[in-house]
Amino acid sequence: MGLMEVENGASAGGDDVDADIIAKTCLLGGFSEANETRSILSSLPEVHGDQRTTEHVTQRFLVIMNGYQEQPHLLDPHLEWMMNMMLEYVRREDCPPSLLHLSFKFLYIICKVRSYKIFMQILPHEVSDVEPVLQMISRQDPKDLETWETRYMLLLWLSMTCLIPFDLSRLDGYLMSTGGKKEDLVMNRILAIAKVSKVKQKCLGEFLDWSLTMISQSRDTSVRDMVLDGALQSLAKLFKHGKRDDLLQYAPTVLQCLEQKRLSESTEAMLRKLNVKLIQRLGLTFLKPRLAAWRYQRGSRSLVANLSMSLQSSSGAAQTPQDSDEQEEDYDIPEELEAVIELLLIGLKDKETIVRWSAAKGIGRVTGRLPKELADEVVGSLLDCLSFQETDSAWHGGCLALAELGRRGLLLPSRLKDVVPLIVKSLTYDEKRGACSVGSNVRDAACYVCWSFARAYEPKELEPFVSQIASTLLITTVFDRNINCRRAASVSSGTFPHGIDIVTAADYFAVGNLNNCYLNISVFIAGFPEYTKCMIDHLTAMKINHWDCAIRELATKALHNLTPQAPDYMATTVLPQLLKMAGDTDLHSRHGAILACGEITHALYKVALQTNRSILNIISPECVDELKTIHFKVSADEAACKCFRRNRRGFGGALMRPAICSLIEKLSLSKLPLKNDPVLTGWQWVIDDTLVLCAQAAVVSALSALCEGYYQDETGQVDSQMQDVLVSQYTEGLKSPQILTRCGSARALGCLPKVMIHNKLSQILEGLEQMCTITQKEGSFTEARRDAVRVIAQVCAKAGVCAHGRPDSVLCSENAAEVFGVLLSCLNDYTMSSRGDVGAWVREAAMTSLMELSILMASSAPDVLVPELDGRPLMCCLAQQAAEKIDRYRAHAIKVFLRLLHSTDPAIPHIPHREELLHIFPAETVASLNWKAPSEAFKYITQLLGLPEYQYHTLLGLSVSVGGITESTVHFSSQSLFDFLKGIQGDSETLGQFGDTLLRIFRDSLHNDRVSVPLLKMLNQLLNNSCFEIFTTQENHQFCVDILDLCKEFKKSKDISKLSACVSVFCGLIQFQGKVRKRVLSQLLLLLCHPFPVIRKTTANQMYEMLLTYDDIIDAEILEDVMTCLSDTNWLSDLAIVRTHRNQLCDWLEVPRPQLVAKVTVYHY
């Protein structure tokens, strides 16, 4: 039961509760199953012979151990005693094989959870353990697949004992043969095998032949072959740890085999990686182990040496490679090395990162053993990878290889002039592929190159390139789309000018937020003059035309914020460039350029205000003329106009129209001198034409700025002609058959400034109120009604409140009641569509608008808020919404309810039962509750049932929740309701009042399926839980009679769920005494012959359960016959057959048989 409560709470509490519960269950405090584990391990000697018990114990142990996969360190204090218990069984001389294998299986389970590297450290590693381990290994059958865990653990144990040095003479025991006879001494057998020369001569060649045979014979390299995988891994390890002199003669043969096999073309990434790893080891085998004398060295790996060098002159800090050939030993480079390097270069272009990374490390290792000239050729080949004819994989691999060369000092300073420009290009590498782009891995690798260069070279070597690298790296830090690239660049930028200050502001966590990078960090970095223009140029050239719309919008806002750093450069250079881009054929470039023009113009206007200048003194007249007429570039001539109109609903229109509206907004806010300019007509046309297509925020903001900027003079007097035109146009749009036109017109009315609303408030409110009304003829228009409800509050807030004002100018006593009535009626909007309860959008908007208006009127004109207007109806309707089933809207209703209740400045008047409400919802408690969680919300809401003013609406909302289908909502709402009713069981008057309210809701909602069906389900739960037990003691109680009469209204319904709910209610009403019981039985017997077979079957089942529960309602003599008839009859058969059994039941129960009513056919002549 406790688990069920947690699950219900989690599912009902929303995301916050889910996350909280998940966090709690994943955080373990310790190994709580230690005692159970000890008992399981102690039982192994008794259970190992029984297969069934063994499987049960093993499964339980697996469950315990797997619970610590996420926190295996909690097992550390217990590993030793668990291991000792099982090794004690293993070391017994009489240990049965089944117990030995079971013990090692348990050890393997522990090792798997904790990892073998940790577990092997606690294994016994005395000399005395070597011989027993060898003895056990010798007894194992490699072909036995059931005991592989034993061999695994023995090999792991042996590998640990081999690390301890000891005298081989101490191994003076014997290994027992399979027949029980003693064989040679252990020491002799080891020495016989360990003679190095014989091992090399006999085994090495055979092993290599076998490995190459396995590689050659493997057919399908598209599937990871375990034998091929193992052969490649073993060869790679052999050429890594073996002596060069022993392996050199075999290296050409192995390389030839790999070339013939063409593993680089395999579709299996791991095989390609092992191929590259083996090839690089072969390359190192071909070359003598040496440290290149020509490499660039900075400092020393020794701290003492570095400290001693710091006392000398700075000229001796770095050792520059000398050109003298005597530092290098002349020797021939094998021909096979060319093939090795070629294969490694191919690996750099592989499509998998693990292969490229392995190839890059191989390039670095092999190059470190080459002469200077050949190493320089390798560098040249790497630079060829960084060309725009290559793929992003080649760029990534090339960057990784350059970083490896730089880190090892193999990239000489003389090559930096060729490398740095390519690295700078890599830092901004971004190639579009379809709807996205590739290149984030290239930019990340380029940051690694910069990081390695900064630590590999002396400052004087990098000095010519510092400005170029630092600026590009900082651009990546703040403007890269990928968070990993931003963080990598942030780490790498600390060694460049102003690095400490920049890294402090742009640390690991700060660059994690893209908005913060573009809007805040970029401004800080641009404060350093050497980075200002390069950041602006990058945004203009690379981000304004980016494929991601979000990046383009952020780039324009960043340009707005950067404008004060270089206003002249923005006005004279950047803005003309953007105006040219505004006519570009590329949609993304055109979109970003138009947005950027508006943002920069607005920013320059702010700069002009701060410096007491006119904006015309900053922006040239030519630019102003182009800014005014940007929209004509899209719709000037007839052909373009047709294209513009044709693409209104396409992708181009969806981008360009909001962009042009944003430009209009910014130009209007910038107060360009355009009063009475013909361009205003064009701007207004664009806004009006866009409003009927997409009522976006940009369009509404543009209209608001245009009205405030150009439709009123300096004294605040409105242009009456434009006021009449706009208000009439938008109020007519509220009647449009197009939903987008309605939404756009409503939002347009909401954004009009106060001077445009003056003297037009009545006209605007009338149009909005008509649109809030649902009419069958016009359709629902749910989104439009939601917008209209929001706009009513916005318009009234702008107009203001005055108790005795004019209704066409302000919200006053004359029109307040009508406004509140419309909003209150919207709280009853339960429109349903294929999207679900879309009326909830309207209800949510209505609750918010009512709250805003109530607070506005209480603060400005409390006299307008009469009790009939705000107090009782509003709070009761909010109580109903707070008791309903949808978590989001229930939480919103409670928040509005509490905001009005606890408001003190201003205080909302006329709230019924204010003191009782404050006692139920104390401010210090309700603030911390999660109202979306039914487990927390309903126990407070049901207390409103005890307040007469709120009982009807609260119970109306609760009926929908208790009778709903969401398990968590039903559980907690019904439990809270039962708790309330339990508290009033002793008060018959209060319970009677509750019953009367329930009946009133039933009557009012009789033809409303949204309420009636859940209400029946709730009534069934109330009857089953004996919530009306007081009424059942009285004969023919009126409550039962009324419920029965109301349920009979549904007998002609064709709704299966409603009929099934009625059957359940009838069965619950049987507990009432008197003549009403016969009436209930009569209704149930009628339903046994219902035309729907499923209803007949449901009724029979419910009656059978009813008789089991209330066995005293009929005589005991006929009880068995009645129940047998109900259970054995096939109620799904024909009505003629079913009716016979039904009539028999009527006779037994002494209920009159129902009479068939003949259908009367009326003929019209």
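This is a predicted model: local features need pLDDT of at least 70, side-chain atom pairs count only at pLDDT 80 or more; totals for chains, interfaces and linings use all residues.
**Exercise 1.** Determine how helices α51 and α53 are oriented to each other, and which residues make the contact.

*Solution.* 
Step 1. Locate the helices: α51 covers residues 948–962 and α53 covers residues 988–1004.
Step 2. Take the geometry of the axes, which come within 10 Å and cross at roughly 50°.
Step 3. Classify the angle. Angles under 35 degrees count as roughly parallel and those from 65 to 115 as roughly perpendicular; α51 and α53 are therefore oblique to each other.
Step 4. Assign the hand: the crossing of α51 with α53 is right-handed.
Step 5. List the contact. Helix α51 contributes Pro948, Gln951, Tyr952, Leu955 and Leu956, while α53 contributes Gln993, Phe994, Thr997, Leu998, Arg1000, Ile1001 and Asp1004.
Step 6. Sort these residues by class: seven are nonpolar, three polar and two charged.

**Exercise 2.** Carry out the analysis for helices α29 and α30.

*Solution.* 
Step 1. Helix α29 spans residues 529–543 and helix α30 spans residues 549–562.
Step 2. Their axes come within 10 Å and cross at roughly 155°.
Step 3. Angles over 145 degrees count as roughly antiparallel, so α29 and α30 fall in that class.
Step 4. The hand of the crossing is left-handed.
Step 5. On α29 the contact residues are Ile536, Leu539, Thr540 and Lys543; on α30 they are Ile551, Arg552, Ala555, Ala558, Leu559 and Leu562.
Step 6. By class, the contact of α29 with α30 has seven nonpolar residues, one polar and two charged.

**Exercise 3.** Describe the largest cavity: its volume, its lining residues and their classes.

*Solution.* 
Step 1. The volume of the largest cavity is about 40 Å³.
Step 2. Its lining consists of Ala879, Ala882, Ile894, Phe897, Phe921, Ile941 and Leu944.
Step 3. The elements giving two or more residues to this lining are α46 (867–882) and α47 (887–901).
Step 4. The class count is seven nonpolar, no polar and no charged residues.

**Exercise 4.** Describe the largest pocket: its volume, the residues nearest its centre and the classes in its lining.

*Solution.* 
Step 1. The largest pocket holds about 880 Å³ of space.
Step 2. Its lining has 24 residues, and those nearest the centre are Lys1051, Leu1086, Cys1089, His1090 and Pro1091.
Step 3. Two or more lining residues come from each of α57 (1056–1069), α58 (1075–1087) and α61 (1135–1149).
Step 4. The lining of the largest pocket divides into 14 nonpolar, four polar and six charged residues.

Notes:
Residues are numbered from 1 along each chain as its sequence is written. Side-chain values use heavy atoms; hydrogens and water are left out. On a 1 Å grid over the protein atoms alone, a cavity is a set of points where a 1.4 Å probe fits but cannot get out, and a pocket is an open set with protein on both sides within 12 Å along at least five of seven lines; lining residues have an atom within 4 Å of a point. Grid points are joined across faces, edges and corners, and a volume is the space filled by probe spheres set on the points. Helices (H or I, at least four residues) and strands (E, at least two) are DSSP runs, numbered from the N terminus. Ala, Val, Leu, Ile, Met, Phe, Trp, Tyr, Cys and Pro count as nonpolar, Asp, Glu, Lys and Arg as charged, and the others, Gly among them, as polar. Axes are lines fitted to C-alpha atoms, for helices over the stretch in contact, and angles run from 0 to 180 degrees between N-to-C directions. A crossing is left-handed if the near helix is turned anticlockwise from the far one by less than a right angle, and right-handed if clockwise. Contact means heavy atoms within 4.5 Å.
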